[in-house]
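Let's take a friendly walk through a protein model together. Have a look at the picture first, and then we will go from one place to the next.

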Amino acid sequence: MSNLISPGKMIGIIGGGEIARMLALSAKKMGYRIGVLDPEKGCPAAQVADWQIIASFDNQKALMDFAMKCDVVTYECDTIDANSIIRMKKTVSVPQGADLLSITQDRLLEKAYLEASNINLAPYATIVTVEDIKGAIDGIGFPCVLKTINERHNEKDRFVLQSEEDIPKAIYLLKMGTCVMEAWIPFERELSVMVARNHANEVVVFPVSENIHRNSILQESIVPARVNQYVEEEIERIARAVAEKFELIGVLGIELFITSSGTLYVNEVIPRPHHSGNYSIEACSMSQYDAHIRAICGWPLPEIELITPAVTVTILSENEAAAKVQIQLKPDWNFYYYGKENPEKGQKIGHITVATKDIEKTLSTISDTGIYE
């Protein structure tokens, strides 16, 4: 196998957050050494890595130094410039590649790729001027959402319009460049799925997760999602189609909406492992992190089996004390802390996964603990 990066080699991770930390822990278990590039000294991933280069993600010299020290590089930071990855690939293998970043960083390009795979999307229009907004609303109707074309993964990159009066309030987004207007989907549930693919074109799909957000932050993931078998099969088809179309090496996440009538819409693609796949560490025969390391290092990928239903809960910084109380009370809960120093309010500092035979009962138990307000 020419693509095999054998244990003992150096894996470089660009980005040092909690996803990178868990990738590093998986890689360590498999015998790899780890380097991290991140601007924050002692970031979550650096705490479990062999070394860190402290530099911003647009520091070309630092990125080249990083490339020289590694046998293979992966990215957790999905805002890094795709051109930086193209340059790094001349020095070191970056199996995820630059195209995955270019596509997922541009909402219009992402939609074009998804439509080319016969994947259902919310009706949308390209917006450059205020006149475009008015024209698009004639076709799309209210409510609708205006988003910048570039992913920023924060709430400043979008604005929901309920009526004509909201148009002036949304115009600030046009100053950031081309935008996209999407119909607002009245969804019943938010779903996601993680999919892995390796160099040998083996594709494996994880169980579908049902996600509950509060204030745009993932609060709970429920696996298996409370949807029927036909929905699961269609989501698996979508996941396989996306993995092939995007020529994925590694793991990516796909976020979807399902309406009360059972119509599925793909919302976005995340070009790396994702928080909504954290349940996989306990609930599956292989975690999303192990699958990602295997895929980028040229290992084969086994079929993924769900071992147990599970609920995963995010621990936010303001709920740290309440969560720590549960450590003493819940011996069968799995607690993960990310090692974040001085986290801000609303930041994810850890998660808890509860393996369960009774999802509804577990959801109410979690609710009773007060680990989120």
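Which side chain is joined to that of Asn-198 by a polar contact of 2.7 Å? The partner is Glu-202. Keep in mind as you look that this is a predicted model.

To find Asn-198, go to the loop that runs between strand 9 (187-197) and strand 10 (203-205). Is Asn-198 buried or exposed? With a relative accessible area of 2%, Asn-198 is buried, because buried means under 20%. A polar atom of the Asn-198 side chain also lies 3.1 Å from the backbone nitrogen of Ala-200. Setting aside residues up to four places away in sequence, Asn-198 touches Ile-249, Ala-295, Trp-299, Pro-300 and Leu-301.

Now let's step back to the whole chain. The protein chain is divided into domain 1 (10-94), domain 2 (123-183) and domain 3 (187-368). Between the C-alpha centres of domain 1 and domain 2 there are 35 Å.

Our next stop is Asp-166, in the loop between strand 7 (158-161) and helix 7 (167-170). Asp-166 has a relative accessible area of 10%, so this residue is buried too. What lies 2.7 Å from a polar atom of the Asp-166 side chain? Here you can look for the backbone nitrogen of Gln-162. Leaving out neighbours within four places in sequence, Asp-166 is in contact with Phe-159, Val-160 and Leu-161.

Key. Residues are numbered from 1 along each chain as its sequence is written. This is a predicted model: local features need pLDDT of at least 70, side-chain atom pairs count only at pLDDT 80 or more; totals for chains, interfaces and linings use all residues. Side-chain values use heavy atoms; hydrogens and water are left out. Domain bounds come from an automatic or database domain assignment. Helices (H or I, at least four residues) and strands (E, at least two) are DSSP runs, numbered from the N terminus. Buried means under 20% relative accessible area, exposed over 50%, partly exposed in between (1.4 Å probe, protein chains only). A polar contact is a pair of N or O atoms within 3.5 Å; within protein, one must be able to donate a hydrogen and the other to accept it, and residues adjacent in sequence count only if both atoms are side-chain atoms. Contact means heavy atoms within 4.5 Å.
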